[in-house]
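Subject: Structure for your review

Dear colleague,

Please find below the structure that I am passing on to you. My notes on it follow directly after.

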Amino acid sequence: MTEDTRSNVCAHTLMLVCVSTETQHPPLERWLDALAGIGEAVGGDEPVTDLLNRVARTACTLLGYDFCAVFLPDDSRHALTIVGYHGLSPEYVAKVNAQRPILLDESGGEEAPTSVAFRTGDVVALEDIESMPGIGPWGGVAHEQGYRALVSVPLRRGGRVVGALNGYHAQPHHFDHAEISLVNAMATQVAIALGTAQLRASEQNTIRELRRSEEVHTLLTAIALRGEGVGGVAAALAELLGHDVLIEDIYGERLAGGFTEPRPEAAATEVMLDGKVLAHIRIDADAQDLSRLDVRAAEQAAVVTALELLRARTAAEVEQRLRGSLVADLLAAGSDVEALLDRARRLGWDLSGPQHLVALRCAGPRDRLLAAADRVVSRVSPRPLAAIHRDDLVLVWSPTAGDVAVFAAQLMGALVSAGTAAGAVAAVTGAEPPAGLPTLFRTVRGALNVADADAGLIDLREAAIDHLLLQLDDPAALRDFADSTLGPALRYDRENGTELLRTARVLLEQDLDRHATAAQLHLHPNTVAQRVRRLEGLTDLKLAKPRDLLRLTSALTVARIIGLG
């Protein structure tokens, strides 16, 4: 207890001595013992609620009240709630506080006596509530609580009212001047004790928060020093808060952690670096349910997350530059293949055997496209070499990793569903030794250059002479070639609803076997023969001539890629 507090206690004790000797109220010894008990409680670690319960019990003992309550304003200062009490049941107090607290914004006859005392700073004494005309809504509480008389004394500290001390009698009671002086003096002492107890509680809370904050800082710093990454931050924060934690990038992609069930209203903290938002930390709880320490822990986690993301981004950028340089050299004609294979081994890729090429073209940021692709290929073994080359996503795929066309379709689906590859077109090739990769790249790039936006996946795994056409760096010429060769037949199909081009494709797939073609198309062989004659007449080609057959095959390949027919 401070020196000022002791002085105030002595002053009010002297006043109590004077008043108690002039009245029939309890003798001095009982007052001194009671005040000493309150002072001792203030000097210890007794919680504020326990202190106020002691005050209410002391008031009942010394002043003969049937029950007593200490009211304090809630955080919004819109209502007074019972914080300390004696003679009342805990269930009743909880019910009153939850359903019928004393409102401070009432006026006139609606205003409760305790609200008047708190608002005006004056003592309010009611000798018999039953005899009062026009009793307000608070009268129902009086009947339920079972009191007829009450005195409400404001608790003053530092020139302002901080609460109220209420004494209740079950029967009508006259509050004389001496009794009001005594309870007023006790209220002043209680206000001083309350202030000291609240200050002590605030200091203890601050100390606990500082200690906990230091523990959080130490834990998160250790995670950063150990290089546990964003996953380590998410796991540590979830353990600290007791809630699931999800860390995701600005595009909504999961980086670490996760929720057991989706929570649209989850509390969130932004992860900032250089004034830009890098990610969001989402906590499986409502924001109002998080304590100040919880919020501070999330903010500290955001700082560590920013550092981890910066470290990961720097490492990724270095790796992407190395991969991009390696892929560019592999796809360039005239490179030293053995030196490139050795370089690839040092970076973790074995490209010594035949390799497929996958090339994907779409709209959107290239860094986001590569990052999303890396998340997909990280689950493949052996991991394909992926890089952005000449604005396309290019992957070097080992046949031992599985079917390249199946993977390419899965990659396209994953990128489209993630919103990173709108309008994606991809092409896959057959497997060739590393020295043949430049030729494969010219083929797939030519296919992507002429491909229609709805071409989807272009399968170029079967080597054919028409693939040479795709290596020409002139998409317009390829389109003109396909249109000049097949244009009349294509227009005939459109105008008459026939399928001359489809019949030609199936016929070529069946090695010009008209009976097999008819069986696949569910037609009569004569119908197939008629369609072939119609196609030859429109295109001026004869399928019996090898030169014309090669031209038709090449034109159909280009037309399929560009979506013509």
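By the rule applied here (a side-chain nitrogen of Lys or Arg within 4 Å of a carboxyl oxygen of Asp or Glu), the count comes to 15 salt bridges. One of them joins Arg311 to Glu308, with the closest N and O atoms 2.4 Å apart. These two residues are 3 residues apart in helix α9, and Arg311 and Glu308 are therefore separated by about one helical turn.

Please note that this is a predicted model, in which local features need pLDDT of at least 70 and side-chain atom pairs count only at pLDDT 80 or more, while totals for chains, interfaces and linings use all residues. Residues are numbered from 1 along each chain as its sequence is written, and side-chain values use heavy atoms, with hydrogens and water left out.

Helices (H or I, at least four residues) and strands (E, at least two) are DSSP runs, numbered from the N terminus. Axes are lines fitted to C-alpha atoms, for helices over the stretch in contact, with angles from 0 to 180 degrees between N-to-C directions.

Helix packing

The axes of helix α7 (residues 177–226) and helix α9 (residues 292–330) come within 10 Å and cross at roughly 15 degrees. The two helices α7 and α9 are therefore roughly parallel to each other (angles under 35 degrees count as roughly parallel, over 145 as roughly antiparallel, 65 to 115 as roughly perpendicular and the rest as oblique). By class, the contact of α7 with α9 has 8 nonpolar, 3 polar and 6 charged residues (Ala, Val, Leu, Ile, Met, Phe, Trp, Tyr, Cys and Pro count as nonpolar, Asp, Glu, Lys and Arg as charged, and the others, Gly among them, as polar).

Helix α16 (residues 500–509) and helix α18 (residues 525–539) also have axes that come within 10 Å, and these cross at roughly 110 degrees. That makes α16 roughly perpendicular to α18. The contact includes Leu500, Ala504 and Leu507 of α16, together with Val528, Leu535 and Leu538 of α18. Its residues divide into 8 nonpolar, 1 polar and 2 charged.

Sheet and hairpin

An open sheet of 5 strands has the order β12-β13-β11-β14-β15, with mixed pairing (two strands pair if DSSP finds at least two bridges between them). At the edges stand β12 (385–389) and β15 (457–460), each with a single partner strand, so one side of each is left without a neighbour in the sheet. From one strand to the next, the twist averages 15 degrees. Strand β13 (residues 392–397) pairs with β12 in the antiparallel sense over 5 bridges, and Val396 in β13 is the bridge partner of Leu385. Helix α13 (residues 437–450) lies across β11, β12, β13, β14 and β15, running at about 30 degrees to β11.

Elsewhere, strands β7 (residues 245–249) and β8 (residues 254–257) run antiparallel and are joined by 3 bridges, with Leu246 opposite Gly257 in β8. Their hairpin has 4 residues between the strands, and Gly252 takes a positive phi near 85 degrees there.

Backbone details

The peptide bond from Ser381 to Pro382 is cis, with omega near -5 degrees; Pro382 is placed in the loop between α11 (366–377) and β12. Asp274, a residue other than glycine, has a positive phi near 55 degrees, and lies in the loop between β9 (267–273) and β10 (276–283).

With kind regards

Conventions
Contact = heavy atoms within 4.5 Å.
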